[in-house]
Structures are given as C-alpha cells and as structure tokens.
Amino acid sequence: MPDISVGVAETGDDEAALRALSSWLREDEALGGAVRGRTAARARREPGAMGGGTLDVLEFAVSSGLGLGGLVLSVLQWRAALRRPAATVLRRGAVEVRLEGRLAADQETVRNILEQLRDGQGNADAGEGDAGPR
C-alpha cells in the first residue's frame, strides 16, 4: 500500500492533469530522494477492451515526514501554477483531504494538511483559502 496517493478531478482531462503533476513532481529538486512515485490505473476495463485502463491516481512512497511535507508543498505549488487549479485529493490510508480553489502554498497551509493526513481526520476538506477540516 502506498504511503499517499494523489488524484485530480473535474479538469476536463484528468489523465493529462495527472501526467502534468507527475512531471512537475519528478522535476522538483527539493523532493530529492525522499519521495518515490508511480502512476496507477484503477479504472476497470470493459471485457474485451484493449488498453490498461485510465490513469487516475499517482501513488507515492514517502521516506520521512520531511518528504511528505515536500510532496504536499509541491502539489500546492503545481496547483498554484495552473490557470484553473484542479480539484486535488490527497489520500493516506482511510484519510482523504480534498484541495479546491486557490490555496496558498505557505507554511500554515502545509502544516494544516499534514496534520489532517497524520492525525487521521478522514474526509477533511481543504477548501478555498482554508486547509482546515470542515
């Protein structure tokens, strides 16, 4: 089971958005070797259909708390670079944090998201301008 998974929704082309995020994270030098990721296809194929399903999640193994913080910060920075930020869901076990709207990629936002992921506050929502549970 991965330490954390990241999915996007409502972009019009969720697979392309995930590929862009994956590329962004690979190029983030601050993450160094603290985060290892892979893409995963979870959509079920129709019987007889070709292909491996649709890419709908990135899965990451995180080697430390610093790696998790760096991953969260990098995801926030990627979202901030988009014209229209993609709704993004971070999952760790049963805990799910949804990022929507414009969120600052600052220390307080990262800390709030990390607390939610670490403390098991499942289904917490980090909405526009607020990364706290709702």
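Author: Ala87 counts as buried, because its relative accessibility is 10% and buried means under 20% relative accessible area (exposed is over 50%, partly exposed is in between, with a 1.4 Å probe and protein chains only). The model is a predicted one, in which local features need pLDDT of at least 70 and side-chain atom pairs count only at pLDDT 80 or more, while totals for chains, interfaces and linings use all residues. Residues are numbered from 1 along each chain as its sequence is written, and side-chain values use heavy atoms, with hydrogens and water left out.

Ala87 belongs to strand S4, which covers residues 87-92. Strands (E, at least two residues) and helices (H or I, at least four) are DSSP runs, numbered from the N terminus. On one side of the account stands S1: S1 and S4 run antiparallel and are joined by five bridges, where two strands pair if DSSP finds at least two bridges between them. Within this pairing, Ala87 in S4 is the bridge partner of Ala9. Five of the six residues of S1 are buried, so S1 is largely enclosed by the rest of the structure.

Ser5 is a residue of S1, and its relative accessible area of 8% is the reason why it is classed as buried. Apart from neighbours within four places in sequence, the contacts of Ser5 (heavy atoms within 4.5 Å) are with Val57, Leu58, Glu59, Val89, Leu90 and Arg91.

S4 also pairs with S5, in the antiparallel sense and over five bridges. The two strands form a hairpin with two residues between them, and Gly93 in the turn has a positive phi of about 65°. Arg92 stands opposite Val95 in S5. Ala87 has Glu100 at 4.8 Å, C-alpha to C-alpha, although 13 residues separate the two in sequence.

In a regular strand the side chains alternate between the two faces of the sheet.

The interior can be described next. A nonpolar core is a set of buried Ala, Val, Leu, Ile, Met, Phe, Trp, Tyr and Cys residues joined through side-chain atoms within 4.5 Å. The largest such core has 27 residues, and those with the most contacts inside it are Ile4, Phe60, Val72, Leu90, Leu99, Ile113 and Leu117. At least two residues of this core come from each of strand S1 (4-9), helix H1 (14-27), strand S3 (55-62), helix H2 (65-81), strand S5 (95-99) and helix H3 (107-119). H2 gives the most, with six residues.

Of the helices, H1 has 14 residues and reaches 20 Å from its first C-alpha to its last, close to the 20 Å expected; the expected span is 1.5 Å times one less than the number of residues. The buried residues of H1 include Ala17, Leu18, Leu21, Ser22 and Leu25. These five cover an arc of only 140° around the axis, which puts them on the same side of H1; the arc is that of the directions from the helix axis to the C-beta atoms. Arg26 and Glu27 are exposed on the other side of H1.

Trp24, also in H1, is partly exposed because its relative accessible area is 32%. With neighbours up to four places away left aside, Trp24 is in contact with Ser74, Gln77, Trp78 and Ala81. Ser74 lies in H2 and is buried, its relative accessible area being 0%. Beyond its sequence neighbours, Ser74 touches Trp24, Leu25, Asp28 and Leu31.

For the chain as a whole, three helices and six strands are present, in the order β-α-β-β-α-β-β-α-β from the N terminus. Of its 134 residues, 39% count as buried. Among contacts with a separation of 6 or more, 57% join residues 24 or more positions apart. The chain exposes about 7600 Å², of which carbon and sulfur atoms supply 46%; accessible areas come from the Shrake-Rupley method with a 1.4 Å probe, and for residues only the protein chains shown count as cover.
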